[in-house]
Structures are given as C-alpha cells and as structure tokens.
Amino acid sequence: MSATIMEATTTAKALEPMIMANAIRKNYGRLEVLKGIDLQVGRGEVVCLIGPSGSGKSTLLRCINHLETIDGGRMWVDGSVMGYDLKGTKLHEQSHARICRSRVEIGMVFQHFNLFPHMNVLENLIEAPRLVLKEKRSTATARALQLLDSVGLADKAKSFPRQLSGGQQQRVAIARALCMRPKVMLFDEPTSALDPELVGEVLKVMKDLAATGMTMVVVTHEMNFARDVADRVVFMADGHVVEQGPAKEVIGNPQHERTRAFLASVR
Amino acid sequence: MSIATERYKTAAAADDFSIVKARHPGRWISAAVIVFIGLLLLRSVVSNPNFGWATVGMYIRDVSIVRGIAITLELTAICMVIGIVLGVVLAVMRISANPVVRTASFAYISFFRGTPVLVQLLFWYNLAALYPSITLGIPGVDLDANAIITPLTAAILGLGLNQAAYMSEIVRAGILSVEHGQSEAAGALGINRLQTMRRVILPQAMRVIIPPTGNETIGMLKTTALVSVISVPELLYSAQIIYARNFETIPLLMVASIWYIVVTSILGVGQFYLERHYAKGGQRSLPPTPWQQLKRFVRVHDPLSAKGAKK
C-alpha cells in the first residue's frame with residue numbers, strides 16, 4: 001500500500017492499525033479503572049482521548065507502552081502484543097529488558113515533562129539514544145540539535161531544565177521522545193501543567209508533528225486542539241469508551257448524554 | 001481630613017526620619033548569664049592542676065599519638081568506603097522486586113542495626129573461636145582464621161559492615177526522594193533499570209545522600225575509638241598505652257579529645273562545602289559561607305546604618 005493512498009482517507013488508515021486495544025481491563029485493587037476497552041489507532045492517525053478525570057484515559061495511554069500492566073485483554077502495537085511474546089497459543093511475559101526494547105518504538109510525553117534535572121537539554125536528548133540505541137555521541141548530538149531546532153529551542157541546548165519555562169520544557173520533552181525515532185507518540189495531558197499563555201507553543205509543536213504523519217494518541221482537555229488536529233476523538237467515561245468518531249462530529253454534535261454533559265462543562 | 005491622610009502627609013514631608021532600633025533587653029541578660037557561666041568554666045579549667053596542661057603539651061605531638069591519628073583516619077576512610085559501597089548495594093536490594101533479595105537485605109540491616117557495634121567488634125575479633133579455619137565452602141581453600149582476623153581486619157569488618165546497614169537506609173531515603181516520574185520517563189525511553197538507577201536516579205539522590213553521609217563520617221571517626229577494646233593502636237588506644245605507663249590519665253584523654261575535635265572540625269568544614277556543592281540546582285541561592293556571613297554581619301552592623309543615617 002503506497003503512502004499516498006494510506007493517508008488519503010481515514011478509512012484507509014484504519015485498515016492498518018498501529019495500535020489495537022482488545023477488551024483492555026485494568027484494576028487498582030478492587031477499583032476497576034478500565035472495563036473492557038476496544039480501540040484502534042491507524043498508522044498516521046491522530047486520536048484524542050477526552051473525558052472527565054478518573055475516566056481511565058491516562059491509564060489506557062500508559063497501558064499502550066506497558067507502563068501499566070493490564071489485567072485483561074490484549075494490547076497490540078505495530079503487530080505484536082505489548083509486553084508478551086506470542087508463541088503458539090500461549091503468551092509469554094517478556095523480560096523488562098525486552099519491554100524496554102519495544103518501548104523504543106513508542107515515544108511518550110508526560111504532564112509534568114519529567115526531564116532529567118541534573119542534565120542539560122542536550123544531555124537529556126542524547127541520553128537514551130546513546131544508552132539504548134548505542135549511537136555515537138556525534139550522531140546523537142547532530143540529530144538532537146536538529147530536533148531542538150524543529151521545536152524552536154536551538155539556542156537552549158546548554159540550558160538546564162530548571163532554567164526553562166514550562167512550555168519550553170515540554171517542547172524539550174517532545175524532542176527527547178522524538179530522538180528515539182518512535183513510530184507512535186503518546187501524550188499524557190501535555191499542556192495541563194502549563195500556564196495558559198504557554199499552551200499554544202506546545203500545541204503548535206504537536207500540530208507540526210501531526211502534519212508529518214506521526215501516529216499520535218493524545219489525552220487532552222484542549223477541545224480546540226482536538227477539533228482542529230485530531231482525525232478522531234474518543235470520549236471515555238467510567239472506564240468505558242462512550243462515543244468515538246471524527247473530531248468535528250463528536251465535539252460538534254455529540255450523540256450521548258454523558259458526552260454532551262462533559263463538553264458543556266469544559267466549555 | 002482623616003487622621004490617616006494627615007499622617008501620610010507628615011511622613012512624606014519628613015522623608016529623613018531617623019530610625020531608632022528596637023531594644024532587646026532579654027538578649028543582653030541571656031548573653032550575660034552565658035558569658036558568666038563560660039568564665040566560671042574557663043577558670044576551673046585553667047586553675048585545676050589535675051588537667052595537667054604541661055603534660056598535655058608534652059604528649060600532644062608524641063610519635064605514637066600521631067601514628068594513632070593516622071590509623072584512626074585510615075580506619076575511618078576504609079570503613080566508610082565499605083559502608084557506602086555495600087550500603088548502595090543493600091539499598092538497591094531493599095527495593096528489589098524479588099522478595100527473597102528484599103528480605104535478605106532487610107535481615108542484614110536488622111541484624112547489624114539491632115546489635116551493639118561493640119558486640120560486633122568483639123564477635124569479629126573472636127571469630128577464630130567460632131570458625132577456626134575458613135574454607136568458604138570451596139574445596140582446597142583452608143585459611144587459618146587466627147592469621148586472617150588480626151585486630152585491624154576485625155575492626156574493619158566490624159565497623160564497615162555495621163556502617164553499611166546505616167548507609168543503606170540513607171541511600172534508600174535518597175533513592176525514594178527522587179520523583180517517580182523520573183524512572184517512568186527513563187523507562188518510556190527504553191532505558192533499562194540498571195542504567196536508570198546509575199544515570200538518572202542516583203545522581204539526583206546524591207543531594208539527599210551527601211549531608212547525612214558527612215554526619216556518618218564524623219560519627220565513624222569517633223566510633224573508631226571503640227576498637228581500642230580489641231587493641232588496635234588508634235588514637236585512643238595510643239593514649240591509653242601511654243597513661244597505663246605514666247598514670248597521667250586525664251591529660252592523655254585531653255590529648256586524644258583535642259585531636260578528635262581538631263579532626264572532626266576539619267571534616268565538618270569539608271562537609272559544609274560538599275553540601276553546598278550538591279545544593280546547586282536544587283536551591284535558588286546557596287547558603288552563605290562563614291566568610292560571606294561575616295561580611296554580611298559587618299555590612300548590616302556598620303556604625304552609620306545603626307544610627308539610621310542615610311547613605
């Protein structure tokens with residue numbers, strides 16, 4: 001399948017799923033957070049997860065790269081089961097080292113940036129490529145500088161995270177994730193910890209990234225971003241997917257009462 | 001016109017009011033009491049002939065005393081290195097996912113924290129009574145315990161292994177002080193657990209680990225005095241040998257005490273600057289050095305500003 005056809009329509013994208021969640025269940029003790037989630041994300045698709053807090057959006061996102069283990073169902077990422085080896089009819093739990101290797105393909109951006117405060121920006125970016133991909137310092141540095149430039153922070157390579165604004169830190173975090181050449185990018189409320197005037201610069205970087213054809217799953221409360229950038233919006237509540245569809249339809253013309261109530265409350 | 005407005009006007013007109021400093025009579029009284037007690041103490045120290053200051057002067061730089069200091073320092077350094085290295089290992093074991101590993105670390109810490117270090121020292125010193133020959137379970141290895149466990153090795157084992165138990169708790173607190181998001185971020189980047197610990201967690205934990213480790217080092221220096229009971233010729237034992245000969249007990253204990261104070265003070269200064277170094281990036285402004293404090297004191301208490309004069 002050629003790239004042009006793939007990106008032509010959403011249906012074509014959906015034919016080749018990058019992420020496929022089948023009946024995902026997750027409990028914290030007796031609290032059931034995810035109650036059988038089915039979700040597909042196509043190659044190059046941008047999906048926004050929205051919903052009230054405690055609805056399980058972040059948990060679902062963290063199940064995708066196995067930061068959370070799942071208690072039921074299967075999480076497929078790029079054709080293999082995340083965290084398990086499929087041999088015959090049995091799923092063998094993977095070693096932590098193997099899981100780490102699968103995670104290279106999946107970039108993640110956190111609400112609180114989680115940059116390494118004892119390293120400068122450049123060191124933050126080249127740490128994982130050097131340790132995990134065994135890249136040479138010169139190769140990793142060249143790529144890191146290029147990515148910093150693309151998020152508009154070429155002049156901050158030698159700064160320490162504490163010296164940057166929240167928006168700048170989050171852009172560094174995005175560049176750090178991109179250094180590993182991921183196939184999927186996960187965003188866990190990337191703008192929720194930011195001052196309102198800094199939200200725009202981060203969303204712009206994400207919009208640019210979406211335009212390059214990156215597969216993205218974004219947990220967000222930014223309805224404008226969801227409407228403008230997402231191919232599909234998934235509304236979750238109480239551990240279920242309540243409603244999903246093209247962004248403009250779900251946000252513009254919600255079908256379910258829960259969705260309507262939620263959208264009314266965030267507006 | 002209201003009273004308030006009137007006052008503002010007066011205040012604006014007389015911008016050069018002089019400031020009368022608040023008086024603190026309580027401070028003067030307490031200072032006087034303390035100085036008085038201090039003088040009493042000083043008088044008794046100077047006038048009491050039993051202190052034997054002449055004898056103190058005679059032995060303060062005695063060859064065996066200086067050799068004792070060298071052994072004290074050496075013992076402190078070796079035991080702290082053992083304590084820190086083993087302490088990091090125990091701390092990592094303590095937070096392992098493997099319950100057996102975790103329990104082993106817990107058992108070690110309970111044992112070494114739960115028994116007095118003096119008992120441990122005597123135990124190691126008398127190890128030959130328990131295991132006359134050390135085979136380590138390896139065929140062909142048969143070592144004479146009496147030959148290996150000299151007083152010095154017993155001291156190193158006793159103090160080092162005991163210290164490891166305390167250091168592991170300090171290191172563990174340091175590791176736990178690093179935000180969970182850090183290891184998550186490293187994990188999401190595909191960095192494995194060992195690398196995460198070495199490159200991400202431990203460097204950040206240092207800020208929490210360093211200050212108590214400085215305290216432990218100073219504590220260790222003093223604890224080495226305990227090994228005098230197993231006749232290691234460190235500072236205290238060297239002093240004891242001399243007063244066993246000439247019966248000048250108090251003056252030689254003064255000699256030892258003076259040296260302990262001198263060395264711990266030097267270590268204390270080192271600790272201050274080490275802490276200051278690791279505070280970088282954690283605090284906006286570093287704590288002032290004594291020299292900076294002195295300069296500030298002089299600046300604030302300069303005679304002009306004390307009278308409220310303008311500069």
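Modeller: On a 1 Å grid over the protein atoms alone, a cavity is a set of points where a 1.4 Å probe fits but cannot get out, and its lining residues have an atom within 4 Å of a point. Grid points are joined across faces, edges and corners, and a volume is the space filled by probe spheres set on the points. This is a predicted model, in which local features need pLDDT of at least 70 and side-chain atom pairs count only at pLDDT 80 or more, while totals for chains, interfaces and linings use all residues. Residues are numbered from 1 along each chain as its sequence is written, chains are lettered from A and ligands numbered from 1 in the order in which they are written, and side-chain values use heavy atoms, with hydrogens and water left out.

Biologist: How many cavities of 30 Å³ or more does the structure hold?

Modeller: There are 2 of them.

Biologist: Which residues line the largest cavity?

Modeller: From chain A, the lining takes M108(A), V109(A), F110(A), F113(A), A173(A), R176(A) and A177(A); from chain B, it takes A185(B), A188(B) and L189(B). Two or more residues come from each of β8 (106-109) and α7 (166-178) of chain A and α10 of chain B, where helices (H or I, at least four residues) and strands (E, at least two) are DSSP runs numbered from the N terminus. The most, 3 residues, come from α7(A).

Biologist: What is its make-up by class?

Modeller: The lining of the largest cavity has 9 nonpolar residues, no polar ones and 1 charged. Ala, Val, Leu, Ile, Met, Phe, Trp, Tyr, Cys and Pro count as nonpolar, Asp, Glu, Lys and Arg as charged, and the others, Gly among them, as polar.

Biologist: And which element gives the most to the lining of the second largest cavity?

Modeller: That is β8(A), with 3 residues. Among the residues lining this second cavity are I106(A), G107(A), M108(A), A188(B) and L189(B).

Biologist: Turning to the interface, how many residues does each chain bring to the contact?

Modeller: Chain A brings 25 residues and chain B 19, contact meaning heavy atoms within 4.5 Å. The two chains bury about 1900 Å² between them, 59% of it on carbon and sulfur atoms. Buried area is the accessible area (1.4 Å probe) that two parts lose on being put together, summed over both.

Biologist: Which residues of chain B lose the most area?

Modeller: E184(B), A188(B) and L189(B) do, together accounting for 31% of what that side buries.

Biologist: How many salt bridges cross the interface?

Modeller: The rule finds 2, a salt bridge being a side-chain nitrogen of Lys or Arg within 4 Å of a carboxyl oxygen of Asp or Glu. One pairs E127(A) with R199(B) at 2.6 Å, N to O. R62(A) and E184(B) also meet in a salt bridge, at 2.4 Å, N to O.

Biologist: Why does that last pair join two chains?

Modeller: R62(A) lies in helix α3 (residues 57-64) of chain A and E184(B) in helix α10 of chain B, so the pair joins two chains.

Note on methods: 1 Å grid on protein atoms, 1.4 Å probe; cavity = no way out; pocket = protein on both sides within 12 Å on 5 of 7 lines; lining within 4 Å.
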